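Good morning, and thank you for joining this group meeting.

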Amino acid sequence: ARVLVGNYGCDYRINYTALGDGVNLASRLEACNKAFGTVVLVSESTVSAAVASGMGFRFRKLGRVIVPGKAEVVTVNELLFELLDVLPPPTDRPEANSSSVLYRWQWVHPDLVLRAVGLYEQGIALYSEGDSLGALRWFRDALSVLPWDSPSRLLAECCESSSSY
């Protein structure tokens, strides 16, 4: 989506702003963070551009949502981390080391995040097929690796409530 950024107005009143469909979508995706318990959500086009850049970003597909103001369904992805660390981990945090990444305000090894995401993806595949009990096991396994993983917790709760009927 195209975005226009710059100073808009006249000589006596000027405003620096961003305009366009991409800005509106980003705003709607930011609001979706609360529902998913995530920090950064992006669309498929952002994932494609980030992957093409070769910068080492890692994402997790969370699902498809209908956002206000859009006619089509939007696939949302969580930004997990960037493997090419711009800043080294802080020296005053014993849990942070040179192989750590910052994920949801916690310093963890990227392999832990990727293992939890792999378990989550197994669960989401079963959940999409209607197998709530099978999916629940995978989501619980993901939570045993990363206990603060909100998408796994959210879907585990959905599986528990659907299997209780």
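The model is predicted, so local features need pLDDT of at least 70 and side-chain atom pairs count only at pLDDT 80 or more, while totals for chains, interfaces and linings use all residues. Residues are numbered from 1 along each chain as its sequence is written, and side-chain values use heavy atoms, with hydrogens and water left out.

Let us take the overall fold. The chain has five helices and seven strands; helices (H or I, at least four residues) and strands (E, at least two) are DSSP runs, numbered from the N terminus. Read from the N terminus, the order of elements is β-β-α-β-α-β-β-β-β-α-α-α. Of the 165 residues in the chain, 35% are buried. Here buried means under 20% relative accessible area, exposed means over 50%, and partly exposed lies in between, with a 1.4 Å probe and protein chains only. The chain exposes about 10,300 Å², of which carbon and sulfur atoms supply 56%; accessible areas come from the Shrake-Rupley method with a 1.4 Å probe, and for residues only the protein chains shown count as cover. Taking contacts between residues at least 6 apart in sequence, 44% join residues at least 24 apart, where contact means heavy atoms within 4.5 Å.

Next, the helix pair. Two packed helices are described by the angle between their axes and the distance between the axes. How do the axes of H3 and H4 cross? The axes of H3, residues 110-128, and H4, residues 132-145, come within 7 Å and cross at roughly 170 degrees. Axes are lines fitted to C-alpha atoms, for helices over the stretch in contact, and angles run from 0 to 180 degrees between N-to-C directions. H3 and H4 are therefore roughly antiparallel to each other; angles over 145 degrees count as roughly antiparallel, under 35 as roughly parallel, 65 to 115 as roughly perpendicular and the rest as oblique. On the H3 side, the contact residues include Leu-119, Tyr-120, Ile-124 and Tyr-127, and on the H4 side they include Trp-138, Phe-139 and Ala-142. The residues of this contact divide into 12 nonpolar, four polar and two charged. Ala, Val, Leu, Ile, Met, Phe, Trp, Tyr, Cys and Pro count as nonpolar, Asp, Glu, Lys and Arg as charged, and the others, Gly among them, as polar.

I turn to individual residues. Leu-155 is found in helix H5, residues 150-163, and is buried at 11% relative accessible area. Beyond four places in sequence, Leu-155 touches Tyr-120, Ile-124, Tyr-127 and Phe-139.

Thr-75 lies in strand S5, residues 74-82, and is buried at 16%. Its contacts beyond four places in sequence include Val-42, Lys-61 and Arg-64.

Thr-17, in strand S2, residues 13-19, is partly exposed at 26%. Leaving aside neighbours within four places, Thr-17 is in contact with Leu-4, Val-5, Gly-6 and Tyr-8.

Finally, the cysteines. How many disulfides does the model contain? The count is zero, a disulfide being a pair of cysteine sulfur atoms within 2.5 Å. The closest cysteine sulfur to that of Cys-159 is in Cys-158, at 6.9 Å, which is too far for a bond. Cys-159 is buried at 0% relative accessibility, whereas Cys-10 is partly exposed at 35%.
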